[in-house]
Amino acid sequence: MIDTSSDATCVMDPEDQLFTLRNAAGMRVTISERGAALVSWWTPDRYNRYADVVLGYPDAAGYRDNPAYLGAVVGRWANRIAHGRFLLDGAPVQIVANDRGNHLHGGPQGFHTLRWHGAARRDEVLLRLVSPDGAGGFPGRVEVQVRYRLGDDGALAIDYEAVTDAPTPLNLSAHPYFNLNGGSDDVGDHMLQIEADHYLETDAGGIPRAVASVSGTPFDFRRPAAIGARLCWPDEQLRQAGGFDHCYCVRGRASGRAGELREVARVVDPGSGRCLQVSTTEAGLQFYSGNSLGGVRGRAARPYARHDGFCLEAGAFPDQPNSEHAASVILRPGQVYRQTTVYHISLQQCA
C-alpha cells in the first residue's frame, strides 16, 4: 500500500513530496523527493515493538545540504575518483574534487541534494531526475529513474535505470545508515557477515591502492563478527580511515562487472532480533561504520555519535574509471544502466 501522507518524524520542505510504503506486516517506509532519500523505516523487533532503523535529519534543511548523505541516492559517481580526473575515450576529463582532493558521491551538488520528481504507481514509488551535460564536470545529459518497492516479506527493492546522450561514467548507490536497535545504542554489537574474500586497501584519501585478502585481518567477515570488536583491532587501514570505509569485492565478480541478484551481506542485532540481508547485482560493497557521524544532528535529542549507524553501499569499485575495468562503468548512448539492490529486514532469519 502507498500513500503520500507521511508519519516520518521530521519536518520536510512542502515542495519535497513524501511517499510512505506500507506492507501487510505493519512496516512503513518513507521516501522523499529530495535526494530520492530513504527517510525512515519503521519495523518491529522480536517483542513487536516498532522503531525507526534508519538514521535521518529532523528537518528539510538537513536533506537539502545532506553533508552525511543520510538515506540518499548518490551519483553521478558513488564513491571516489582519484583527483577528480579520468580518461574517457583517450581524452582527459576533470570533475569536481570535494573530498581531500578527490571526487566523492557526485560532488557537493550531486544527486543527493537535488529534488527528484516522484510518483506513486501501485505499490511502488518511482523517482526521476535529469542531470544536464556538464553537471559536476561530467559529460552527457543523463536521465535517471529509481524505483522503490516494499514487499510483504520486508524486502525493500531499489531498482535503478539510466540513459545518456554521450559517453559518461555512471555509478549509482543508496546511502542509508542503519541501526537495527532503533538508536538505543551504537552498532558495536551488530553481527556482520559479508560474502567476500578480498577488499580494497586504500590510501589516506580513500583511493584504492591494492586488492587484499581479508584472511587474518579485521576485514574478514566471512563468518559473522561483531562490528565493535573489529573496530578495536590494531590495524593501519582502520586507523587511517577512523574505522571501516572500504569496498569489498563481492565473491565471483572481481572484474567489476555486475551480475545476477544475490545475497552479499547479512547483519543481525542480537538485542532486537532484527536481521538485515543485502542482495545486489553489483560487484562492490562499501562497508562504512559511520566514522564521521559525530555531531550530526539527527531526530533524537542528542546529535549522532561515531558508529551510531552503518552503511552497506552496493555499486562499482571506487576509482574504477581509472582502472583496467573502466570500460564496464562507461554508459554510452543506446545503452541502459541497470542496478538492483534489495535491503530485507526480518526476524525469522535471526532465530
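Helices (H or I, at least four residues) and strands (E, at least two) are DSSP runs, numbered from the N terminus.

## Model and confidence

This is a predicted model, in which local features need pLDDT of at least 70 and side-chain atom pairs count only at pLDDT 80 or more, while totals for chains, interfaces and linings use all residues. Residues are numbered from 1 along each chain as its sequence is written, and side-chain values use heavy atoms, with hydrogens and water left out.

The chain has a mean pLDDT (the predictor's confidence in each residue, from 0 to 100) of 94, and 94% of its residues reach 70 or more. Over residues 4-11 pLDDT stays under 50.

## The second largest cavity

A cavity is a set of points, on a 1 Å grid over the protein atoms alone, where a 1.4 Å probe fits but cannot get out; lining residues have an atom within 4 Å of a point. Grid points are joined across faces, edges and corners, and a volume is the space filled by probe spheres set on the points.

The structure holds 2 cavities of 30 Å³ or more. Strand 21 (245-250) and strand 18 each supply at least two lining residues, and strand 21 gives the most, with 3.

## Threonine 202

Threonine 202 counts as buried (under 20% relative accessible area, with exposed over 50% and partly exposed in between, for a 1.4 Å probe and protein chains only) because its relative accessibility is 5%. Beyond its neighbours within four places in sequence, threonine 202 is in contact (heavy atoms within 4.5 Å) with Ile207, Pro208, Arg209, Gln237, Gln240 and His246.

## The largest cavity

The largest cavity has a volume of about 70 Å³. Of its 13 lining residues, Ala78, Asn79, Gln286, Glu313 and Ala316 are the closest to its centre. Strand 24 and strand 25 (311-315) are the elements that give two or more residues to this lining.

## Nonpolar cores

A nonpolar core is a set of buried Ala, Val, Leu, Ile, Met, Phe, Trp, Tyr and Cys residues joined through side-chain atoms within 4.5 Å. The largest one has 59 residues, of which Trp41, Tyr148, Tyr248 and Phe287 touch the most other members. Strand 13 (residues 142-150) contributes the largest share of this core, 5 residues. Another core, of 15 residues, lies apart from it and includes Ala37, Val39, Ala72 and Cys311.

Notes. On a 1 Å grid over the protein atoms alone, a cavity is a set of points where a 1.4 Å probe fits but cannot get out, and a pocket is an open set with protein on both sides within 12 Å along at least five of seven lines; lining residues have an atom within 4 Å of a point.
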